[in-house]
Amino acid sequence: MAMPLPGPAPEDSASEDPNDREGATVEETFELFSAQAPKGWRVELIEGEIYVVPPANGEHEEIVSELSGQVRDHDRGLGRYTGIGLSLPGTNDPVRVIPDLAIAPKGSFGDQHDWHAPDAVLLVAEVTSASTASRDRVLKIRAYARAGIPVYLMIDREAGEAVVCSGPEGDDYTHKSLHKLGTEVPLPAPLGFSLDTAAF
């Protein structure tokens, strides 16, 4: 599916224009979109669909910052990566995602590549927005589980919950726990500490 990237557009917008990109593969079109995206915008490829998302709002970034800070306080040997591109296995097309936060040992992404294998990633976190929540709740769970990422943490702002997924197996996680925001949220190994969501 070929979709041109217009100038400033509403969040999550994409439209088809077969005359512009006729014959281009989804991955080729994705690369084109990525190259043309304004600074701060994210372009992701999930299950054959291209998603274009503008920069996040302040509340979203405060939550990501708090998550990052608590991981730092727990283990200074871990890197806290925002804006890192991950290349994940897909059923047909490869998956390209940019999680809100990825946790991996420091030095895991010390190369010049734009997209990285997920092997070193211990945890990915997504903070939902109204337009991205459905992807975070369904498509990204499948993508992260399929990639074998040990823990997926979703801060679901709309539902007021933190969802902790662990034990990846096939296209899903074998264990999921729900916690109200504002409470202590235990993170399983390999993180193994409790996240204080009172600031969320």
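This is a predicted model: local features need pLDDT of at least 70, side-chain atom pairs count only at pLDDT 80 or more; totals for chains, interfaces and linings use all residues.
**Exercise 1.** Find which residues of helix α2 are buried, and decide where they lie around the helix axis.

*Solution.* 
Step 1. Helix α2 covers residues 26–36, and its buried residues are V26, T29, F30 and F33.
Step 2. An α-helix has 3.6 residues a turn, so residues three or four places apart point the same way.

**Exercise 2.** Describe the length, the kink and the burial of helix α4.

*Solution.* 
Step 1. Helix α4 runs over residues 133–146, which makes 14 residues. From first to last C-alpha it reaches 19 Å, close to the 20 Å expected at 1.5 Å a residue.
Step 2. Helix α4 has a kink of about 40°, centred on K140.
Step 3. A residue is buried when its relative accessible area is under 20%. In α4 the buried residues are A133, R135, D136, L139, K140, I141, A143, Y144, A145 and R146.
Step 4. Because 10 of the 14 residues are buried, α4 is largely enclosed by the rest of the structure.
Step 5. Just after α4, G148 has a positive phi of about 80°.

**Exercise 3.** Which parts of the chain does the salt bridge between D100 and R42 link, and are these residues buried or exposed?

*Solution.* 
Step 1. Side chains of opposite charge can pair when their charged atoms come close. In the D100–R42 salt bridge, the N to O distance is 3.3 Å.
Step 2. D100 lies in the loop between β5 and β6 (101–105), while R42 belongs to strand β1; these distant parts of the chain are 58 residues apart.
Step 3. D100 has 8% relative accessibility, so it counts as buried. R42, at 19%, also counts as buried.

**Exercise 4.** Examine two other salt bridges, E59 with R157 and D73 with R72, and name the residues of a salt-bridge network.

*Solution.* 
Step 1. The closest N and O atoms of E59 and R157 are 2.7 Å apart. E59 is in helix α3 (residues 58–74) and R157 in the loop between β9 (151–156) and β10 (161–169), 98 residues apart.
Step 2. R157 is buried, at a relative accessible area of 16%.
Step 3. For D73 and R72 the closest N and O atoms are 3.3 Å apart. D73 is exposed at 54%, and R72 is partly exposed at 31%.
Step 4. The network of salt bridges links E44, E126 and K140. The structure holds 10 salt bridges.

Key. Residues are numbered from 1 along each chain as its sequence is written. Side-chain values use heavy atoms; hydrogens and water are left out. Buried means under 20% relative accessible area, exposed over 50%, partly exposed in between (1.4 Å probe, protein chains only). Helices (H or I, at least four residues) and strands (E, at least two) are DSSP runs, numbered from the N terminus. The arc is that of the directions from the helix axis to the C-beta atoms. The expected span of a helix is 1.5 Å times one less than its number of residues. The bend at a residue is the angle between axes fitted to the seven residues ending there and the seven starting there. A salt bridge is a side-chain nitrogen of Lys or Arg within 4 Å of a carboxyl oxygen of Asp or Glu.
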